[in-house]
Amino acid sequence: ELEEEDRPPVELRQRKKPKSSENKDSAKEEKISDIPIPERTPKHVLFQRFAKIFIGCLAAVTSGMMYALYLSAYHERKFWFSNRQELEREITFQGDSAIYYSYYKDMLKAPSFERGVYELTHNNKTVSLKTINAVQQMSLYPELIASILYQATGSNEIIEPVYFYIGIVFGLQGIYVTALFVTSWLMSGTWLAGMLTVAWFIINRVDTTRIEYSIPLRENWALPYFACQIAALTGYLKSNLNTYGERFCYLLMSASTYTFMMMWEYSHYLLFLQAISLFLLDIFSVEQSDKVYEVYKIYIFSLFLGYLLQFENPALLVSPLLSLVAALMLAKCLQLNVKKGSFVAKIIKVINFYLVCTLTITLNIIMKMFVPHKENGHMLKFLEVKFGLNMTKNFTMNWLLCQESLQAPSQDFFLRLTQSSLLPFYILVLIICFLSMLQVIFRRINGKSLKETVTLEDGLIGERPEIIYHVIHTILLGSLAMVIEGLKYIWIPYVCMLAAFGVCSPELWMTLFKWLRLRTVHPILLALILSMAVPTIIGLIFPRLMTELMELQEFYDPDTVELMTWIKRQAPVAAVFAGSPQLMGVIKLCTGWMVTSLPLYNDDDLLKRNENIYQIYSKRSAEDIYKILTSYKANYLIVEDAICNEVGPMRGCRVKDLLDIANGHMVCEEGDKLTYSKYGRFCHEVKINYSPYVNYFTRVYWNRSYFVYKINTVISFQS
């Protein structure tokens with residue numbers, strides 16, 4: 001009996017312990033989040049989630065494939081590619097695009113891949129009196145990859161090399177669109193945002209891509225990988241990402257970052273802007289620093305590996321990206337552990353910001369002092385002239401300033417974006433996200449802690465780190481695009497993505513409604529209504545695309561075809577041709593003959609060559625031109641009537657005007673001395689066939705557009 005009486009108190013003590021632990025566990029669960037018990041999750045909810053993901057992935061892949069097929073069909077209708085001979089197809093590659101494709105052809109002709117790479121890295125058959133490492137100087141890794149894929153897959157028995165080459169580029173553009181689709185989907189939570197992104201991208205493709213005008217451009221190979229990197233970074237920064245998803249995003253981000261850096265010589269500048277965005281994100285304390293510093297490690301790894309595989313490219317060592325990341329790592333080592341939110345912590349944040357900026361500049365200066373480099377010195381000179389910090393009569397600098405892609409955006413640019421409704425929605429979304437971000441920052445400054453999970457009813461879209469990153473990044477890219485219009489091809493695709501995310505995001509509209517204190521219309525309902533713009537815009541876009549595909553276009557350039565045919569039949573194999581850089585690129589591709597210059601603007605020697613060869617359109621004597629051409633061992637000179645008789649829309653930006661300014665034959669600024677030349681314009685005078693021009697040059701071929709002169713080796717002066 002005593003034993004039976006003693007049992008209840010023991011049982012009561014045992015019950016009290018689990019009861020108190022249950023209360024603690026339930027309190028913790030309420031604090032963290034409402035985690036649903038797997039057994040209680042209805043099967044139809046799981047099916048809905050799976051169906052949503054499946055349909056979204058299917059829509060993303062379909063959008064990319066349809067865009068790639070559209071580009072292929074448009075290219076065929078524009079050039080009638082399948083009905084042309086090889087020479088006529090190659091002429092469609094203009095300027096620097098011709099150079100890139102010519103090296104792809106050279107790789108296919110090489111007896112082995114190793115021999116082909118060696119000939120490109122020790123190339124002395126392109127530019128006279130110059131041996132270049134074409135792989136490093138022109139970033140020919142896309143051509144190397146395309147050539148080895150073409151031969152390794154046995155495609156030479158199925159498809160012609162040119163179709164394989166452009167097919168890869170069009171496929172990458174499909175991946176580009178798919179990556180933008182996924183990024184917008186990750187940010188908004190609905191794949192309808194991805195559909196709207198693709199629709200806006202295609203409608204505004206005049207400002208989103210240059211693929212229709214120049215296929216082999218480095219940016220067309222590189223930007224799809226940058227889009228994949230941004231999609232992976234967006235997922236990586238999300239707060240509610242599980243471990244497996246985080247690892248996948250990290251691996252994808254690592255691979256795409258390195259590939260992007262290998263494909264384009266200017267990639268590290270874009271990554272530098274991205275690193276600044278992440279640095280500001282870390283300063284604002286809207287995301288754990290650990291994730292941001294993991295991204296910095298990816299940058300360092302990519303720079304190190306890129307430096308080794310790009311023949312110890314010094315440009316990567318003096319890159320501002322490396323200086324910034326190194327400064328951030330050093331600043332982190334010096335950072336003190338202080339309680340977050342305290343006054344001391346805020347002061348340390350300010351000191352840390354100043355320290356990083358100072359260290360970045362100092363490290364970059366030190367690297368440039370000890371690392372021999374010639375990287376983009378002309379770019380700094382161009383920026384000085386662009387922003388009015390310096391004045392110059394230099395032909396190359398003024399020629400670059402006259403290029404439309406390097407000028408400020410025109411009114412037509414903003415008008416096109418407004419007519420497509422992209423710009424108004426983008427500005428609205430950007431303002432809401434930016435103000436919400438400021439709201440979160442001020443809360444942090446005042447010592448208010450952020451919520452671990454943000455619900456829809458909170459109306460604080462500015463607490464999401466991936467949103468803040470995109471806001472900062474798009475502001476940086478947009479600021480640069482307002483100065484140099486050519487950067488719009490990097491900025492506008494992300495404008496499409498950000499605007500589509502905002503339109504289809506209930507959280508964004510809840511943020512706005514909470515500010516306006518509106519409760520009559522539910523934000524989810526409004527987002528669904530606005531999302532109906534997707535089928536509406538797609539309904540408007542398809543008739544326009546079909547009309548473009550049905551339009552009969554034809555690329556017809558018989559004069560250039562005749563010129564290339566004459567060179568291949570009549571010119572000696574060892575001949576060296578001189579002329580405008582754009583034409584020299586086509587000659588190198590179509591004939592394989594050696595040239596004196598190339599349409600490349602990242603090498604000081606080539607820039608100087610271009611300026612000297614362009615003197616054939618200036619007011620210089622026959623003897624001066626002869627000395628210039630023979631100094632480069634040129635045998636033939638090609639004068640283009642389009643340049644000689646150019647009637648440009650902007651006086652002062654024609655080639656002959658720029659040459660006259662550089663040579664002092666035209667007044668550029670008040671106070672400049674005007675030097676009158678006693679010689680006529682060479683390109684006009686040489687056509688008349690009188691002494692002394694006939695003594696130096698003998699005309700051997702001409703048509704409506706081109707005049708070819710043989711440069712005499714033995715000069716006979718006749719009256």
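## Disulfide pattern

Counting bonded cysteines along the chain, the disulfides pair up as 1-3, 2-4. There are 2 disulfides here, taking a disulfide as two cysteine sulfur atoms within 2.5 Å. This is a predicted model, where local features need pLDDT of at least 70 and side-chain atom pairs 80 or more, while totals for chains, interfaces and linings use all residues. Numbering runs from 1 along each chain as its sequence is written, and side-chain values use heavy atoms, leaving out hydrogens and water.

## The two bridges

C402 and C653 bond with their sulfurs 2.1 Å apart, and -80 degrees about the S-S bond makes the link left-handed. The pair spans 251 residues, from C402 in helix α19 to C653 in the loop between α31 and α32; helices here are DSSP runs of H or I, at least four residues, numbered from the N terminus. C402 is buried at 17% relative accessibility, while C653 is partly exposed at 21% (buried is under 20% relative accessible area, exposed over 50%, partly exposed in between, with a 1.4 Å probe and protein chains only).

The other bridge joins C644 to C683, S to S 2.0 Å. Its torsion is about 85 degrees, so this disulfide is right-handed. C644 sits in α31 and C683 in α33, so the bond ties together parts 39 residues apart in sequence. C644 is buried at 1%, and C683 is buried at 0%.

## Where α7 meets α8

E143, A146, L149 and Y150 of α7 touch P161, F164, Y165 and I168 of α8, contact meaning heavy atoms within 4.5 Å. By class, that's 7 nonpolar, no polar and 1 charged residues (Ala, Val, Leu, Ile, Met, Phe, Trp, Tyr, Cys and Pro are nonpolar; Asp, Glu, Lys and Arg charged; the others, including Gly, polar).

Terms used: Helices (H or I, at least four residues) and strands (E, at least two) are DSSP runs, numbered from the N terminus.
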